[in-house]
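Trainee: Please take a close look at the salt bridges here and walk me through a few individual pairs.

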Amino acid sequence: MMAASLSHKTRAMRLSQYPIQTTKETPAEAEIVSHQLMLRAGLIRRLSSGLYSWLPMGLRTLRKAEAIIREEMNRAGALELLMPVVQPAELWQESGRWKEYGPELLRLKDRHQRDFVAGPTHEEVITDIARRELKSYRQLPVNFYQVQTKFRDEIRPRFGVMRAREFIMKDAYSFHADAASLEQGYRLMHEVYTRIFTRMGLQFRAVKADSGPIGGDVSQEFHVLAASGEDAIVFSDADEYAANMEAAAALPPSAPRPAPREPLAKVATPGAKTIEALAKFLNIEPLRCLKTLLVEGDGTGENAVVALVIRGDHELNATKAQRLPGVASPFRMADAERIERATGAQAGYIGPLGLKCRIYADHAALAVADFVCGANEKDMHLAGVNWDRDVRNYVAADIRNVVEGDPSPSGKGTLRLARGIEVGHIFQLGRKYSEKMSAVVLDESGKEVTLYMGCYGIGVTRVVAAAIEQNHDERGILWPEPLAPFEVVLVALGQQKSAAVRERAERLYAELSGAGIEVLFDDRDARPGVKFADAELLGIPHRLVVAERGLAAGRLEYRHRKDSESVEFPVDEALAFLKDRLGR
């Protein structure tokens, strides 16, 4: 039985019998490099919008990522469990997220017309477990984790597994008797995540983040650095300050606002609905033009809309604006009808002067004197407008995205921007869920105390795509060695015609496999160019070539995936040679 089992395992590593189809052409559906290469290399296949099957080669890498995560979570004392994907609506109604979460929450009904959800996350389920199982402070702190399928009904699934509707996540949840213990557990998970991504061979950065629909007061994201990253991350050039764009604070300018010098004047600006068109028409810098954006308010009448004023060369930060008193949740821009009702004008000609709604002005906008803004009249703007002299009913706020060169909120250095792919997020949830769901334990005096809670997620499927985004070239994937589906690809050239090549390749395959080295044996009857192209596309780190000419000279050929030249070495030294390259 054992011989048969080993024989089957050996055959499974042969490329001639491996269910993979590589392609030269880039699939039309693929927008980013990782999606293109994962399809071309046969790692995944699309089933439907945002739904992907993981084929054997891709699954090997996925399982390697999971193994690293499990090892580090177990090392930190976390306990693995497994919770259902489908969750009863009652739990989500109890936490309040049944209404709050939004359309990404896929709602289901069973045959009895009872409501369920396809879980996008598991805070409610784990809190239910905690309130049933945790009775005493003596059981704390405790950290539960799982590696589980999630479903979020993305409005526009894209980028392959990077933003799919169904994905695999490692989510962990810790429970504590007090805030100090929660903070200690949070720091531990920060260290664990740092070890995980370091072991995976990824370049990454932890940044301060907004907690979003998960909740909590403190959170950090872990980003894999990549030029193609969809997230902007911000960091100081003088210290350790780092944040994502949503959470990065834009400090008020240190210099005082200049005194007014120009009189207020109405200017005809036909067709100048954008800042670019307005600045060009008036021959001024965009920073002297202030744009006023109307968003939905949380009330009626004067509270039906809220005005947000930012400098013309800056962008609104919707996450910051969402937190402002009076702004509707979820955040949304006012439609044309509301804009006209509130201002008497169209978008593009709105200004703060004379508005009867609540007005928030960004700090940078408040530093501009003699500015240009909309006149709340079609094809008209106001010039020489000044705060306090002409516009008084406003509240100062930080509502813009930071830009390169802004002062760091830490007080040291200036801000720099980079692109990143979020692969992990850790939260201090506090008592958001435990209070609503009555998760309590008895303290030392026998008094009930509400549990404090932390939440820690890693997008496992996203990690694989992010690794490719960070590590690739024009020929294919450049796997970090800890994530590569195989360590070595053994390429036999012409073994169908050469008994010597066939015999030596088979012997090498058995020898390397017996030494615990993960070998993919390319024993196909294919041209050398095809074999080499596939090896480079698949990104296996180490390539060993057995060819008739080399064997005649007693040599084998070796090349690392990142090298441009091959090297030769004695055929009888293959195992020692590869062990040295593998660091064993």
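Mentor: A salt bridge here is a side-chain nitrogen of Lys or Arg within 4 Å of a carboxyl oxygen of Asp or Glu. The model is predicted, so local features need pLDDT of at least 70 and side-chain atom pairs count only at pLDDT 80 or more, while totals for chains, interfaces and linings use all residues. Residues are numbered from 1 along each chain as its sequence is written, and side-chain values use heavy atoms, with hydrogens and water left out.

Searching the whole structure gives 49 salt bridges. In one of them, glutamate 296 pairs with arginine 338, with 3.2 Å between the closest N and O atoms. Glutamate 296 sits in strand 14 (residues 290-296) and arginine 338 in helix 10 (residues 336-343), so this pair ties together parts 42 residues apart in sequence; helices (H or I, at least four residues) and strands (E, at least two) are DSSP runs numbered from the N terminus. Glutamate 296 is buried at 9% relative accessible area, whereas arginine 338 is partly exposed at 27% (buried is under 20%, exposed over 50%, partly exposed in between, with a 1.4 Å probe and protein chains only).

Aspartate 128 and arginine 132 form another salt bridge, their closest N and O atoms 2.9 Å apart. Both belong to helix 6 (residues 123-133), where their spacing of 4 residues amounts to about one helical turn. Aspartate 128 is buried at 12% relative accessibility, but arginine 132 is exposed at 55%.

Aspartate 406 meets arginine 400 at 3.0 Å, N to O, and both residues are buried. Elsewhere, salt bridges with shared partners link Glu71, Glu72, Arg75, Arg195 and Arg199 into one network.
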